[in-house]
Amino acid sequence: MDDHVGNHYDVIIIGTGAGGGTLAHRLAPSGKKILVLERGAFLPREKANWDTKQVIQKERYCTSEVWYGSEGKAIHSTTHYWVGGNTKVYGGALFRFRERDFETVIHKGGISPEWSLKYRDFAPYYAQAEKLYEVHGQRDLDPTEPQCNEAYPFPKISHEPYIQALHNALQKKGFHPFYLPLAIRLNEVEPLASACIRCDTCDGFPCFINGKADADMNGIRPAIAHTNLTLLTGAKVLRLHTSASGREVTGVESEIAGKRQMFSGEIVVVACGAINSAVLLLQSANDRHPNGLANSSNLVGRNYMAHRHAVVMTITAQPNPTVFQKTLAVLDFYWGEKEFAYPMGSAQLLGNIHKDKLIAYGSPLIPSIVFDAIAKRSVAWLLMTEDLPDFNNRIGIKGGKIFLDYTNNNSVAFNRLIKRWTTVLKSVNHLHQTGLFKSPFLHISQKMTSKEIAHQCGTCRFGEDPKTSVLDLYCRTHDVDNLYIVDSSFFPSSSALNPSLTIMANALRVGEHLLERLK
């Protein structure tokens with residue numbers, strides 16, 4: 001193992017996604033000696049970025065790594081190991097969690113626990129994160145929206161005519177549709193100055209022209225302009241070593257180009273994503289930490305959450321000419337409804353459905369031309385119900401393999417949301433059509449599986465009691481003084497909204513704390 005002199009840093013950050021990339025950006029101007037380790041490379045800019053067959057069917061940018069379910073069944077996850085992490089292919093929907101999401105919430109399927117910090121504690125960092133990630137949106141349209149005194153940094157992304165008609169139809173039925181808060185680098189006022197061209201290969205795709213505000217473009221690229229920060233790509237961290245007391249991380253063991261290298265830092269920050277951060281701690285077990293590093297609570301890897309997701313697709317004989325579709329959301333059922341006094345979840349438009357995605361999920365007996373016709377006449381919604389923390393839903397390692405032991409929960413609310421939203425869509429079908437001919441509609445719903453881990457969270461929850469949490473309120477591990485985690489692992493609950501903005505805001509909050517500690 002190479003252990004070079006000069007491999008000591010003030011801060012080592014492991015991972016460059018929504019947490020690590022944001023933290024690097026926050027710490028870089030400090031002048032402190034910072035090392036960022038990323039197992040992936042920069043995602044290549046190539047024509048395949050927008051090739052639906054390459055991205056969707058061949059999963060060109062997903063890891064080939066295989067995980068396993070509790071019964072040993074292989075899981076080919078949709079995770080991405082690149083500079084910027086999963087944000088390289090995210091849809092850019094950046095929501096603030098609602099104020100009640102930070103409180104104890106009773107669900108039909110169980111309890112969503114209270115956070116030790118509240119919305120007001122995150123609010124200033126939400127504002128900072130929205131500016132950093134160039135979020136477009138419009139306030140005061142959604143009744144569930146939390147308290148906020150400032151406008152979005154950038155104006156809303158407009159609806160194209162087909163989606164505007166759908167928006168109007170929902171309003172006529174008494175619902176409260178609103179513009180999705182989106183992190184895309186679009187300038188609709190001055191198109192020639194716009195990085196984004198409003199294409200149909202955004203949601204779930206890398207951006208060939210860097211028009212997406214992700215943790216690479218908005219976090220890491222500006223950070224590496226500072227000479228005090230070093231980024232090493234292709235650097236997979238294998239294990240964290242501690243002092244004899246077990247109270248400090250003294251070594252970060254990494255594999256780079258087939259060679260083992262050891263680095264050390266005054267502060268070590270893990271930001272590998274909720275699954276891989278838990279795996280790294282479990283792999284770092286030693287005599288002082290026999291059940292995994294910082295795991296005296298026996299909670300590392302436990303309470304894994306990833307949301308209950310479903311897609312509801314409307315198909316009609318009338319073509320949908322929309323190019324950039326992901327601009328609309330509805331949260332009217334977020335906290336339930338009159339006949340169901342429990343939270344149900346959220347609905348937001350997905351990006352355009354391409355025939356290659358339908359082929360990937362559909363029957364091989366159906367001709368490609370049929371899938372093409374369906375794709376051109378469809379509009380798809382992503383439905384999201386809160387995934388409740390469960391001690392037995394966990395990430396584990398066995399024989400060097402990653403195991404995801406997960407059982408679905410909160411199913412009554414989830415199933416009701418699917419049924420209720422399908423009913424809503426049926427009620428507005430003809431209201432948003434133009435012309436004399438009103439075409440028939442077909443609604444198809446599909447639940448997502450455990451391989452869809454984009455919203456992973458909760459495996460190292462934060463809190464005030466070391467017996468019931470892995471991290472303290474600044475996301476430092478209770479057991480190891482110089483070890484922090486700044487990805488979605490810290491979530492005590494998952495809400496029913498995209499987690500990225502909360503990860504980013506928390507990274508900025510923890511970054512502020514670290515700057516004070518480093519003085």
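Which residue forms a salt bridge with Glu-253? Select Arg-260: in this predicted model, the closest N and O atoms of Glu-253 and Arg-260 are 2.6 Å apart. Glu-253 is buried, with a relative accessible area of 7%, while Arg-260 is partly exposed at 39%. Side chains of opposite charge can pair when their charged atoms come close. The structure holds 24 salt bridges, and the next stops are some of them.

Select Glu-150 and Arg-96. They form a salt bridge, with 3.2 Å between the closest N and O atoms. Glu-150 lies in the loop between helix H3 (119-132) and helix H4 (161-172), and Arg-96 in the loop between strand E4 (74-75) and strand E5 (105-107), so this pair ties together parts that are 54 residues apart in sequence. Glu-150 is partly exposed, at 35% relative accessible area; Arg-96 is buried, at 4%.

Move to Lys-326 and Asp-203, another salt bridge, with the closest N and O atoms 3.5 Å apart. Lys-326 sits in the loop between strands E12 (308-316) and E13 (328-330), and Asp-203 in the loop between strand E7 (178-179) and helix H5 (215-223), so the pair joins parts 123 residues apart in sequence. Lys-326 is buried and Asp-203 partly exposed.

Next, select Lys-88, Asp-214, Asp-216 and Arg-221, which are linked in a network of salt bridges.

For a helix, select residues 500-517. This is H10, with 18 residues, reaching 26 Å from its first C-alpha to its last. Of its 18 residues, 14 are buried.

End at the surface with Ile-366, Ile-369 and Val-370, a nonpolar patch with about 260 Å² of accessible area together. Ile-366 is in the loop between helices H7 (355-361) and H8 (368-375).

Terms used:
Residues numbered from 1 in each chain as written. Predicted model: local features only at pLDDT ≥ 70, side-chain atom pairs only at ≥ 80, totals over all residues. Heavy atoms only, no water. Patch = residues over 30% accessible without salt bridge, like charges linked within 9 Å, V, L, I, M, F, W, Y side chains within 5 Å. Areas by Shrake-Rupley, 256 points an atom, 1.4 Å probe, with all protein chains shown as cover. Salt bridge = Lys/Arg side-chain N within 4 Å of Asp/Glu carboxyl O. Helix = DSSP H or I, 4+ residues; strand = E, 2+ residues; numbered from the N terminus. Expected span 1.5 Å × (residues − 1). Buried < 20%, exposed > 50% of the residue type's maximum accessible area, 1.4 Å probe, protein only.
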